[in-house]
Amino acid sequence: MHMNVAPHLLTEDRAEYERVLDDALSTAHARPELDGVGSRLTVAQLRAMTLNATALVTSAAASEYDHFVKVREQNRASVGVRDPDAHDNLGTGSGAGVVAIVTVMVPVLAGAAAVIFLLVGAVLHALAPTVAFGATLLTAGLVFGSLAAAGLLCAAAGLLVTALRNSPVEVSTGGPPAAPDDELSRAREAWRLALLERGILPFLRDALAATPPDPTGP
């Protein structure tokens, strides 16, 4: 089924429009002005007619809808205040990547070198205890082992700092949590009410009044 969308009704709000319409139709039995539902037009017929007249129906609540959209955009803009920080992070991303690579590779390479020097030095020292080169290799192995251990400590510290930096920060104000979307909720409800009272219900009432009762119906 095709639905005409009003020029001022954004696509993301079409579902909300349909929900208000469905709520009105589901409670039609409790509304005296809609007592012709079923005898004059069915719920499906009224729904199709209202969807096809979206531009006309929503124009009755245009001012409330414009205010709702404005508040929603302001709310989204306030949430996006941190975007410049994201650009700064992008600008320093290459430097952070090099530091991360160095932090990871230093202990790996140093550890590998330490293992090689210690193994070769131990073998030489066992085969020729009087040769000084074996002792030199053992000393170099110990140095690279210390370097690997220091690199691992630095990497662990970097991971800890990153985790603390990226963890969510809870701010306690000693009172109830703020609700920044209160204005947005009020604007949405005001639009929904105006859409229902000035748009959907009058349209349904006029559609029923313009349609004679079905003589074959109950």
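Q: Where in the chain is confidence lowest, and where is it highest?
A: Confidence is lowest in helix 5 (residues 83–91), at a mean of 47, and highest in helix 1, at 95. The score is pLDDT, the predictor's confidence in each residue, from 0 to 100. Helices here are DSSP runs of H or I with at least four residues, strands are runs of E with at least two, and both are numbered from the N terminus.

Q: What kind of model is this?
A: This is a predicted model, in which local features need pLDDT of at least 70, side-chain atom pairs count only at pLDDT 80 or more, and totals for chains, interfaces and linings use all residues. Residues are numbered from 1 along each chain as its sequence is written, and side-chain values use heavy atoms, with hydrogens and water left out.

Q: And what is the mean pLDDT of the chain?
A: The mean is 79, and 75% of the residues reach 70 or more.

Q: Where does pLDDT stay under 50?
A: One stretch is residues 82–88, where the model has zero contacts beyond four places in sequence. Residues 169–175 also stay under 50, again with zero contacts beyond four places. A contact means heavy atoms within 4.5 Å.

Q: OK, the fold. How many helices and strands are there?
A: The chain has eight helices and zero strands. Read along the sequence, the pattern is α-α-α-α-α-α-α-α.

Q: How much of the chain is buried?
A: Of the 218 residues, 26% are buried. Buried means under 20% relative accessible area, exposed means over 50%, and partly exposed lies in between, with a 1.4 Å probe and protein chains only.

Q: What share of contacts joins residues at least 24 apart?
A: Among contacts between residues at least 6 apart in sequence, that share is 80%.

Q: Which residues touch the most other members of the largest nonpolar core?
A: They are Y17, L46, V57, F68, W191, L195 and I200, out of 30 residues in that core. The elements giving two or more residues to this core are helix 1 (14–26), helix 2 (43–52), helix 4 (62–79) and helix 8. Helix 8 supplies the largest share, twelve residues. A nonpolar core is a set of buried Ala, Val, Leu, Ile, Met, Phe, Trp, Tyr and Cys residues joined through side-chain atoms within 4.5 Å.

Q: Take L195. What is it in contact with?
A: Leaving aside neighbours within four places in sequence, L195 is in contact with Y17, V20, V57, T58, A61 and I200.

Q: Back to helix 1. Which of its residues are buried?
A: E16, Y17, V20, L21, A24 and L25 are the buried ones. They pack against helix 2, helix 3 (54–59) and helix 8.

Q: How far apart are the end C-alpha atoms of helix 1?
A: They are 18 Å apart, which agrees with the 18 Å that its 13 residues should span at 1.5 Å a residue. The expected span is 1.5 Å times one less than the number of residues.

Q: New topic. How many aromatic pairs does the structure hold?
A: It holds three. One is Y65 with F68, which is tilted, 6.3 Å centre to centre with 55° between the planes. Both residues are buried, and being three residues apart in helix 4, they are separated by about one helical turn. Rings of Phe, Tyr and Trp (its six-membered ring) pair if their centres lie within 6.5 Å; planes under 30 degrees apart count as stacked, over 60 as edge-to-face and the rest as tilted.

Q: Why is the F68 and W191 pair stacked?
A: Their ring centres are 5.7 Å apart and their planes are at 5°, so the pair is stacked. This pair links distant parts of the chain, with F68 in helix 4 and W191 in helix 8, 123 residues apart.

Q: Are those two buried or exposed?
A: F68 is buried, with a relative accessible area of 1%, and W191 is buried at 0%. Ring pairs link Y65, F68 and W191 into a cluster.

Q: How far is S63 from W191?
A: Their C-alpha atoms are separated by 8.3 Å, although the residues are 128 apart along the chain. S63 is found in helix 4, and a polar contact of 2.9 Å joins its side chain to that of E64. A polar contact is a pair of N or O atoms within 3.5 Å; within protein, one must be able to donate a hydrogen and the other to accept it, and residues adjacent in sequence count only if both atoms are side-chain atoms.

Q: Last one: where is T211 found?
A: T211 is in the segment after helix 8 (182–209). A polar atom of the T211 side chain lies 2.9 Å from the backbone oxygen of A207. Not counting residues up to four places away in sequence, T211 touches R40 and L41.
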